[in-house]
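Visitor: Could you walk me through this model, with the cut-offs spelled out as we go?
Guide: Gladly; here it is.

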Amino acid sequence: MDHDAVLTLFDRRMRQDSPPDGPGARVERVGDVVRQTGAEHDWNGVLWSGLDEDTADAAIRAQVEHFTSLGREFEWKLYAHDRPGDLAGRLRAAGFTPEPTETVMVAETGDLSTEIELHEGVRLRPVTDAAGMDLLADVHEQAFGRADASFRQRLRARLAEAPDTVSAVVAMAGEVPVSAARMELPPGRQFAGLWGGGTVEAWRGKGIYRALIAYRAGIAAARGYRYLQVDAQDRSRPILQRLGFAALSTTTPYVYRP
């Protein structure tokens, strides 16, 4: 994989020209900033910026004014290669709080195994209805240790209004949900995004995360997506590397709470 070429393609197609990630959201370019604005339960934030030392502070103030006028908490999704080099410090000075940094990892779908190997007694349940959505959200709350009512709302809206743009799955041990993940399938893009991938603590280390990668890779390949992309936490990065993913950049969410 040509790192620089893929990074340039990712920035252009998934950040600068990003489609909205939900039926009620809109993406717009304002000067040298691309942002998404939606309802309170949607993801609100900055997807891309092309700033320099002379324009950064004014652009930050403009985004703070825009989102706070709507009463929205929002996120500035900062990548390691974004400019200016001190943009992180400028965001902190403006009142943003950084969350843990993740590694942007990418693989070509044609290079990934789509063979699904599951622990005995575990099966995969595609999410196609409200009951499945609740199972997925319940797993995420257990795996990541936090409840997120807005996530449930976003997923329900996405599956109801744009089902072809998302694929979600829950791993079941008998009748107990033990792992879950979803995949974003933006129309007309070469990248499908892997999200979630949470497993409850008692079931970690049993290959379920790898099986969920293979399951989604098969769907992405069948739908014609060339690349799979994931924002990886430290725990999942080694697994993804063994499966054939390469690090593209890092990304840090900077959150502003009015």
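Guide: One definition to begin: buried means under 20% relative accessible area, exposed over 50%, and partly exposed in between (1.4 Å probe, protein chains only). This is a predicted model, where local features need pLDDT of at least 70, side-chain atom pairs count only at pLDDT 80 or more, and totals for chains, interfaces and linings use all residues. Residues are numbered from 1 along each chain as its sequence is written, and side-chain values use heavy atoms, with hydrogens and water left out.

Visitor: Are F10 and F191 buried or exposed?
Guide: By the cut-off of under 20% relative accessible area, F10 and F191 are both buried.

Visitor: What kind of aromatic pair do F10 and F191 form?
Guide: Rings of Phe, Tyr and Trp (its six-membered ring) pair if their centres lie within 6.5 Å; planes under 30 degrees apart count as stacked, over 60 as edge-to-face and the rest as tilted. A search of the whole structure gives 8 aromatic pairs. For F10 and F191, the centres are 5.5 Å apart and the planes 75 degrees, so by the cut-offs the pair is edge-to-face.

Visitor: How many residues apart in sequence are the parts that this pair ties together?
Guide: Helices (H or I, at least four residues) and strands (E, at least two) are DSSP runs, numbered from the N terminus. F10 lies in helix α1 and F191 in strand β10 (residues 191-199), so the sequence separation bridged by the pair is 181 residues.

Visitor: Why does L7 count as buried?
Guide: L7 is placed in helix α1 (residues 3-16). Leaving aside neighbours within four places in sequence, L7 is in contact (heavy atoms within 4.5 Å) with H81, L248 and S249. L7 counts as buried because its relative accessibility is 12%.
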